[in-house]
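I am opening a new page in my notebook for this protein.

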Amino acid sequence: MAEKTDSVMAGSSFTEKSSNGASDQQQANSDQLIRFLLPDSHSRGVIMRATEIFKQANRIHGLNGHITQLFDQTLLASILLLSISKGGTRQVLQLNAAATAPVKKILSEARQGQVRAYIDWADDQTMLQQHDHAKLSSWLGSPIRLSTVRDLGFGQPYVSSIEHTSDFLADHLIHYLNQSVQIKADIILHGDLAIMIEAMPGCDDEHWFKSVECMAKIPNSALENDSLETLLAYFDSLHIKQASTDMYSYHCDCSSKKMMRALCSLSSDDLSSLAGATGDITTSCQYCKSHHVINLEQIQQGQQLPKPT
Ligand SMILES: [Zn+2]
């Protein structure tokens, strides 16, 4: 990925894990992801309905209309990618407009149990938030560049970038998985529901057809309303076995301390121009809209210290 995805205002150039477990409140705002195996067709999959995550994201970002669905499904998609990343601790999914478009980029970052995202509007396009464009291309133009960062928690993260033309986010993901990760996959993104199936070793064309056929038989009304358990029953003919489950919530672990560390990389001229008469710099987190006030002197003291590794 050519461009750095994080900025100081995004407060996002951190790779630390949240030190504490999920609080009770987080648990209540969580959605369940279920992994499953399809032994008869040498495939496996994940299913998730992100009702609570979407509620939180929409409350924080105040989006309206079809852009809401695109934004929310990008959150869900980053969780899907994390769920198949072996040993991955962080998965970033970024959708970039290749040409001039109302939205410059949507970036979502999933970690174990948590996800957060922000939208980067093209200048003066924020008023379009109220408009009701139905198509992906009407927000991000066409083609769209999909970039990913897969962080295994050690060494350099894997970064990847690929362009594709489609009005469906699921198509972009399938194209990325086929071309960049060499994974044969099929994905449904429908409202707040995601189902992804993936071919395992030993899955030939006939096996794969069976998996895809089961998924294709699920009617839209079921995708919209049915519980995960009911939806998984559509795979019964392949002797579906449920494997592990994970809980995810919309969560941002930004803090004044982290914001300060990000600001430490700026020159003292830049810092002075950011600081008001009081000597304070107010930063806003693009993921959760929290404000953090940081004193210029504290940053300058921080710059004297060795950089955290
Ligand atoms: Zn935040």
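The entries below follow what I looked up, in order.

**Entry 1, the whole protein.** I noted at the start that this is a predicted model. I counted the secondary structure and found 11 helices and 12 strands. I then looked up burial, and of the 309 residues 37% count as buried. For contacts with a separation of 6 or more, I found that 63% are between residues 24 or more positions apart.

I checked the length of H5, residues 169–180, and at 1.5 Å a residue its 12 residues should span 16 Å, which agrees with the 16 Å between its end C-alpha atoms. Which residues of H5 are buried? I listed Leu 169, Ala 170, His 172, Leu 173, Tyr 176 and Leu 177. Looking down the axis of H5, I saw that these buried residues fall within an arc of 160 degrees, so they line one face of the helix. I reminded myself that an α-helix has 3.6 residues a turn, so residues three or four places apart point the same way. I also asked what covers the buried residues of H5, and the cover includes helices H3 (66–83) and H4 (136–140) together with strands S6 (144–151), S7 (158–164) and S8 (185–190). Just after H5, I noted that Gln 182 takes a positive phi of about 55 degrees.

On the H2 side I found Ile 53, Phe 54, Ala 57, Asn 58 and His 61, which meet Thr 68, Phe 71, Asp 72 and Leu 75 in H3.

I looked up H9 (residues 256–263) and H11 (residues 296–304), whose axes come within 9 Å and cross at roughly 65 degrees. This crossing is right-handed, and in it Met 260, Arg 261 and Leu 263 of H9 meet Gln 298, Ile 299 and Gly 302 of H11.

I ended with Leu 228, which lies in helix H8, residues 228–232. Is Leu 228 buried or partly exposed? With 18 other C-beta atoms within 10 Å, Leu 228 is partly exposed, because buried would need 20 or more. Leaving aside residues up to four places away in sequence, I found that Leu 228 touches Gln 32, Ile 34, Ile 47 and Arg 49. Ile 34 is 194 residues from Leu 228 along the chain, yet their C-alpha atoms are separated by 8.2 Å.

Notes:
Residues numbered from 1 in each chain as written. Predicted model: local features only at pLDDT ≥ 70, side-chain atom pairs only at ≥ 80, totals over all residues. Helix = DSSP H or I, 4+ residues; strand = E, 2+ residues; numbered from the N terminus. Buried ≥ 20, exposed ≤ 12 C-beta atoms within 10 Å, placed from the backbone. Contact = placed C-beta atoms within 7 Å. Expected span 1.5 Å × (residues − 1). Arc of directions from axis to C-beta. Axes fitted to C-alpha atoms, helices over the stretch in contact; angles between N-to-C directions. Left-handed = near helix turned anticlockwise from the far one by under 90°.
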